[in-house]
Amino acid sequence: MKETGINLIKAKESNRALLLQLICTAGKITRTELSVRSQLSPMTITNIVNEFLAQKLIVEVPPEDTVKVPGRTPMLLQISPASPVIVGIRMSRRRLQGIVANLSTQPLVQKEVLFSSEETEETIIHKLKELTEDLIRNIDRPILGLGISTAGVIDRESGVLEYITNFFHITRLDLRGHLSQYFDFPIYVCNEVHAAALCELYFGHGQAEDNFLYVGLTHGIAAAIVFERKLLDFSGEMGHMTIDYHGPRCACGNNGCLELYASTPNLLRQIADQTGVQLQNMEQAVAFAQKNRTAYAVFYNAMRQLSYGINNYLNLYSVPTVILGHDSYLLPDEIVEQMETTIASMSISMHHFGARPKLVKSKLGMKTQLYGTLCIVLQHLFQDGGAFRFLSAED
């Protein structure tokens, strides 16, 4: 009997978390839509929605469409302007980007801090602390957590950046351990491509796709797998997949890593070597390649190499959709089509689905990188009834 009671409590909390997730990710939604999407009874929907209204987590608003229809006009549910907030910080190799937003990721505050060329572990932690303080200085609503995303291998249980290359001679950094001395809200640390995949799951293509591979092209190349709407916990260092063991030495210690051929810095370097033109970022490189055949050929060859790396992942994890994010979001459509054709010509996984793998660009574009930091916190709120327990503690 005791075990049954525990199961009922867990079910109740999970139902609340599910409805909160649906309201957060939908923006605005009716009770009827909640019932259809959650497969919960109208009575259960009514009870939980009334609790959320009483807690001031959500509010009811009339529909924007004023066309009169027979019967009672259904009210829309959305996150309340008085609801708690979440904080996110993206740590790249050049800067810190910070954001405070509501539970639907609508931004309230955004700030940025640049790194110098001589950062140390101490200065980076200091800048993280100062940026967090600046972000929340004028926030008078409860803060549910801080999500930090960064490149490298993350121990998500401890919040430690266990390994990163080309980062101010720093290879390991205890992010949660340092910052938890200054802030009393939960701090979560996640690989930045995994965070972007969570953003895509909750607010992007994941609203229609249960299984996908997210590929992020940046200083390196990383990947994240979402399978049956769950983010798989693995390192995802696609860039350190060896594609030529006779190739040049990589900073990780391997030879011929994929990122030496297809990452953003190396792509820019190849264009400079072959055209003499120095470009600063992927956006400039794409624009230049549209009018320079040599630069376009560099793109074509680099993205063909990336296609091989993507195909290797698809042969290990059979998912039908590949989402291109970070700098790969900027790729010309014809290059993406060529990549899709290349992958289809050698893919084994396509026989599992009876169709060629589909390559699409991130639905949220370049915002996915920063908004993904917010989704690190949201994932913890949405999982296993965690949202209800955590939000109840703030009452």
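Gln379 is found in helix 13 (residues 368-382), where helices (H or I, at least four residues) and strands (E, at least two) are DSSP runs numbered from the N terminus. The model is a predicted one, in which local features need pLDDT of at least 70 and side-chain atom pairs count only at pLDDT 80 or more, while totals for chains, interfaces and linings use all residues. Residues are numbered from 1 along each chain as its sequence is written, and side-chain values use heavy atoms, with hydrogens and water left out.

With a relative accessible area of 6%, Gln379 is buried; that word stands for under 20%, exposed for over 50%, and partly exposed for what lies in between (1.4 Å probe, protein chains only). Leaving aside neighbours within four places in sequence, Gln379 is in contact with Arg156, Leu198, Tyr202 and Leu231, contact being heavy atoms within 4.5 Å.

A nonpolar core is a set of buried Ala, Val, Leu, Ile, Met, Phe, Trp, Tyr and Cys residues joined through side-chain atoms within 4.5 Å. The largest has 50 residues, and those touching the most other members are Leu19, Leu34, Phe52, Ile58, Leu103, Tyr214 and Leu378. Another core, of 38 residues, lies apart from it and includes Leu217, Ala262, Val336 and Ile343.

Leu34 also takes part in a helix pair: Arg31, Leu34, Ser35 and Ser38 in helix 2 meet Pro42, Ile45, Val49, Asn50 and Leu53 in helix 3. By class, this contact has five nonpolar, three polar and one charged residues, with Ala, Val, Leu, Ile, Met, Phe, Trp, Tyr, Cys and Pro counted as nonpolar, Asp, Glu, Lys and Arg as charged, and the others, Gly among them, as polar. The axes of helix 2 (residues 31-38) and helix 3 (residues 42-54) come within 10 Å and cross at roughly 120°. Axes here are lines fitted to C-alpha atoms, for helices over the stretch in contact, and angles run from 0 to 180 degrees between N-to-C directions.

A second pair is formed by helix 8 (residues 264-275) and helix 10 (residues 293-316), whose axes come within 9 Å and cross at roughly 145°. Leu267, Gln270, Ile271, Gln274 and Thr275 in helix 8 meet Thr294, Ala295, Val298, Phe299, Ala302 and Met303 in helix 10.

Finally, Pro186 lies in the loop between helix 5 (175-179) and strand 10 (187-191). Pro186 is partly exposed, at a relative accessible area of 24%. Pro186 and Gly145 are 41 residues apart in sequence, yet 4.7 Å apart in space, C-alpha to C-alpha.
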